[in-house]
Amino acid sequence: MSEKAIIEIRDLVKIYKGSEEPAINGISLDIYPGEIFGLLGPNGAGKTTTISILCGLFRATKGSVRIAGLDIHSNLNGIKQIIGVVPQDVALYPTLSAWENLTFFGNMYGLKGQHLREKIAEGFSVFGLEKHANKKIADCSGGIKRRINLIAGLLHDPRIIFLDEPTVGIDVQSRVVILDYLKELNKKGTTVIYTSHYMEEAEKLCTRVAIIDRGSVISMGNPRELLADHPEFKDLENIFLHLTGKDLRD
Ligand SMILES: Nc1ncnc2c1ncn2[C@@H]1O[C@H](COP(=O)(O)OP(=O)(O)O)[C@@H](O)[C@H]1O
Ligand SMILES: [Mg+2]
């Protein structure tokens, strides 16, 4: 691709304090504007660690990250204005209502007044949540919490969104609504980086995927290219199992 990468990751290493094995072991990746990029791998592969470094939650032990030309260490505040983050674990206040939570997160992004109310109402409408607006988060189902979590990360119309396993452990309806919405946002120009261990989903959704295992990229490309490179396997799932081994992980 001749276009300039919007995310440039170089030789990224993360060794957690007290660990001997690196969680990330020299990852380099370029992600381009308008992609839906999948970071795929089994449990413990290093997906959450990678996403957390890209969002500035954790510092890498070594290596560099640039997002939209800005360095993650020297320009994190600039980066935070253009990225949205949807973490793996739901990060909402259980005793507040859905609407109160979203107002809180909107305020954190500097949104307020009529504009914020419209953004929240739009989120509720897209995700069919109008009747849950005043329910306490603690009383909402897992799928509904996930949808609200997603709205929270997108209120400020970020150019780039990071989602960590947005579809794990939820009902089919929530999953379809979330994936359709990501596709819609992407059509409007948002770059999407998401992690998953669902190969079938990634095969349908992603422009490119990187398969990571034990902190290293072991294969990368668009799903069709990967399938063409491995004609002996009928789908990404089988390539994944072949590359990462069939042993169970923690
Ligand atoms: N806070 C932490 N402290 C120490 N080790 C961690 C921490 N978080 C993750 N790890 C380890 O780093 C590796 C990668 O974990 P993670 O990035 O969560 O993988 P994934 O999201 O792909 O399941 C695993 O071996 C995990 O046990
Ligand atoms: Mg994870």
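Predicted model: local features only at pLDDT ≥ 70, side-chain atom pairs only at ≥ 80, totals over all residues.
Local features are reported at pLDDT of at least 70 and side-chain atom pairs only at pLDDT 80 or more, while totals for chains, interfaces and linings use all residues. Residues are numbered from 1 along each chain as its sequence is written, chains are lettered from A and ligands numbered from 1 in the order of writing, and side-chain values use heavy atoms, with hydrogens and water left out.

Helices (H or I, at least four residues) and strands (E, at least two) are DSSP runs numbered from the N terminus. Accessibility was computed with a 1.4 Å probe on protein chains only, and residues are called buried under 20% relative accessible area, exposed over 50% and partly exposed in between. Thr 48 is partly exposed at 32%, and Gln 88 is also partly exposed, at 26%.

Helix 1 is largely enclosed by the rest of the structure, because seven of its eight residues are buried. The buried residues are Lys 47, Thr 49, Thr 50, Ile 51, Ser 52, Ile 53 and Leu 54. Just after helix 1, Gly 56 has a positive phi of about 80 degrees.

Helix packing was examined next. Two packed helices are described by the angle and the distance between their axes. Axes are lines fitted to C-alpha atoms, for helices over the stretch in contact, and angles between N-to-C directions run from 0 to 180 degrees. Angles under 35 degrees count as roughly parallel, over 145 as roughly antiparallel, 65 to 115 as roughly perpendicular, and the rest as oblique. A crossing is right-handed if the near helix is turned clockwise from the far one by less than a right angle, and left-handed if anticlockwise.

The axes of helix 3 (residues 98–108) and helix 4 (residues 113–126) approach within 10 Å and cross at roughly 130 degrees. Helix 3 is therefore oblique to helix 4, and the crossing is right-handed. Contact means heavy atoms within 4.5 Å. On the helix 3 side, the residues that meet helix 4 are Ala 98, Trp 99, Leu 102, Thr 103, Gly 106 and Asn 107; their partners in helix 4 are Leu 116, Arg 117, Ile 120, Ala 121 and Phe 124. This contact has seven nonpolar, three polar and one charged residues. In this classification Ala, Val, Leu, Ile, Met, Phe, Trp, Tyr, Cys and Pro are nonpolar, Asp, Glu, Lys and Arg are charged, and the others, Gly among them, are polar.

Helix 3 also packs against helix 5, at an angle of about 25 degrees and with the axes 9 Å apart. The two helices are therefore roughly parallel, and their crossing is right-handed. Ala 98, Leu 102 and Phe 105 of helix 3 make the contact with Ile 148, Ile 151 and Ala 152 of helix 5. Six nonpolar residues form this contact, with no polar and no charged ones.

Helix 5 (residues 142–154) and helix 6 (residues 172–187) have axes that come within 9 Å and cross at roughly 15 degrees. These helices are therefore roughly parallel to each other, in a right-handed crossing. Gly 143, Arg 146, Arg 147, Leu 150 and Leu 154 of helix 5 contact Ser 174, Ile 178, Tyr 181 and Leu 185 of helix 6. Five of these residues are nonpolar, two polar and two charged.

Val 126 lies in helix 4 and is partly exposed at 36% relative accessibility. Apart from neighbours within four places in sequence, Val 126 contacts Val 177 and Tyr 181. Between Val 126 and Ile 151, 25 residues apart in sequence, the C-alpha to C-alpha distance is 9.4 Å.

Two residues other than glycine have positive phi values. Glu 165, with phi of about 50 degrees, lies in the loop between strand 7 (160–164) and helix 6 and is buried at 4% relative accessibility. Arg 214, with phi near 45 degrees, lies in the loop between strand 9 (208–213) and strand 10 (216–221) and is exposed, at 54%.
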